[in-house]
Amino acid sequence: MLDIPIVKIRPLSPERVAQMAAGEVIDSLEAALRELIENALDAQASRVQVDLWPSRWQVRVADNGQGIPGSELEQVARRHTTSKWDGCSLGFRGEALHSLARLGSLTIQTRHATDEHGWLATYDQQGELIHKQPAATALGTVVTVADLFASWPLRRCPPPQTRSLLTLVQNAALAHPGVSWQVCQEGQLLLSLWPGQSLQDLLLQMLPQVEPSDLRYRRIQEGDSDWELVVGLPDRLHRPRPDWIRVAVNGRFVQMLEWQRLIQSVFQHALPRHRHPLVVVHLRLPPEQVDWNRHPAKSELYLQEPQKRQEQLRQYLQDLLHAGSAQSSRRSLHLLRASESKSLYRVSVPSAAGCSLPPLKALAQLHRTYILAEHPQGLWLVEQHLAHERVRYEEIQRHWQLVELETPVMLQGLSSQAVEQLEQLGLEPEPFGPATYLVRRLPLALCSEDPEEVQGSLLELSRCADLEAAQVALACRGALRNGVPLTLEQMQQLLDAWQRTANPHTCPHGRPVYLVLAEADLARYFRRRWGICDRPLSDPKLGSLRLGDSLAAQVRRSAGLPVLDPTDEVNSAPL
């Protein structure tokens, strides 16, 4: 018989428990920086200086906040001590300094308004004060943590990344725009931000290539919630990664996957394929509606009435997107203009009566696919199917309300799943024999179609998972096909209708609708030193033209369209 040792359950030593707790709070140099920044903000600082020495695993944060009274320095780094009781602060955990003392070498230099002079204090790994002496110090606090994780070498792999540390400071600045910031690494200045009135003011400093007209900003106070939102116009600003979809709650940026997916869904039909929007959201709520005890780093949270907040966010984003789209094409060489002519493609679009900009003029049809149009500052190639698809998509969205039919439409061969899909869209097919159904309601946008087209559209709808997919599918199905010849009058009417859409730059699937051949680019290509533009060719607002680019790459840059470049810098403003 085998001798099986009896495993005894023993309590962990207090030292081991303290190490585990400290490791949960501080797991990286980034986490150490986060805790020190939050302490500075809780101290009501209006200026924060961050100094980094990643190679030495050292960080120092100096602020001009309230400071720490000399009488409290003895207990400031002990376990289970905090000055944050109301739940409104960022560092409610209260043991960051104790954790930092356990994992590195902690030094605090501070002066409080009640003290005649400042103090310099050092601590051992238990958070006990080992030395304290007077020091000439301005009001505020300087906390230095050196040799972090010296006893935890595995925590030093991988080494800290400057980009993640800068992103942390950027997020803190966005959430607290009234604070000035300075970040240095190894003695070199990396980032300097001055105070602003809003989140947008700080964002423009972080992305110097972005202009105020590229953004839409709104602050909404509704009931007990206070929303602040900044949205990049999708035809101008989009990213290869979702790194500028950022959400903050009560002064701290958090990971909220449901909100990130919601933001992506709002923008998916206004962006080119595989691109992501620029959206920054800050929601302020009463402290009792937020529970931060979900993750040690407070990067996740529990939120009261999450569905209500998501619907609010969706509505605010849609309002911003639609409000911005009416002006979004001014940068695209003054494309939009009012036009009252009727379309041959059964579309009804709102006029832009307040706009007096010149229109595109149809010149010719290329390969029965592209419309060549003249603009005062160049030529445009417009793909006719994609342009009409955008027109139909927005028309269908505006006129989706269901209406009763005098003569029902008969559908045969529907599967149970197809019937369920139609029911979810509110079309309510009625059984009328084996595998046969009658549909007595139709979206208003389909009522003018031929009966055969209506049947085909309904069959298309029965294969769509949701309303949004159904609208995209119908727009594509009924759009003008490539290969169809058009007269100049038809081309002009299509261009006029397309110009007045809310998002003319992409089709509902995210494909670019047009290509700009700007006169400035043509002049550069043919090595002419003059152009009809009222700005010099070196003006960056004409597009980031680069030596060595092909003509196609240059004109796509000037149009704000993605360029097939491994670095993918177009429309991807650097940090």
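## Basis of the report

A residue is called buried when its relative accessible area is under 20%, exposed when it is over 50%, and partly exposed in between (1.4 Å probe, protein chains only). The model is predicted: local features need pLDDT of at least 70, side-chain atom pairs count only at pLDDT 80 or more, and totals for chains, interfaces and linings use all residues. Residues are numbered from 1 along each chain as its sequence is written, and side-chain values use heavy atoms, with hydrogens and water left out.

## Aromatic pairs

The whole structure contains 5 aromatic pairs. Rings of Phe, Tyr and Trp (its six-membered ring) pair if their centres lie within 6.5 Å; planes under 30 degrees apart count as stacked, over 60 as edge-to-face and the rest as tilted. One of the pairs joins tryptophan 57 and phenylalanine 149 edge-to-face, with 5.9 Å centre to centre and 75 degrees between the planes. Tryptophan 57 lies in the loop between strand 1 (47-53) and strand 2 (58-63), and phenylalanine 149 in the loop between strand 6 (140-146) and helix 4 (162-175), 92 residues apart. Helices (H or I, at least four residues) and strands (E, at least two) are DSSP runs, numbered from the N terminus. Tryptophan 57 is buried because its relative accessible area is 8%, and phenylalanine 149 is buried at 0%.

Tryptophan 227 and tyrosine 316 have ring centres 5.5 Å apart and planes at 75 degrees, so this pair is edge-to-face. It links strand 10 (residues 225-232), which holds tryptophan 227, to helix 7 (residues 306-325), which holds tyrosine 316, across 89 residues. Tryptophan 227 is buried at 0% relative accessible area, and tyrosine 316 is buried at 7%. Trp227, Trp259 and Tyr316 make up one aromatic cluster.

## Charges over rings

A charge sits over a ring if NZ of Lys or CZ of Arg is within 6 Å of the ring centre and within 35 degrees of the ring normal. Lysine 132 lies over the face of tryptophan 119, 4.4 Å from the ring centre. The charged end of arginine 246 sits over the ring of tryptophan 244, at 3.7 Å from its centre.

An open sheet is formed by 4 strands in the order 16-17-18-22, with antiparallel pairing. Two strands pair if DSSP finds at least two bridges between them. Strand 16 (361-366) and strand 22 (514-518) are the edge strands, each pairing on one side only. Strand 17 (residues 370-375) and strand 18 (residues 378-383) pair over 6 bridges.
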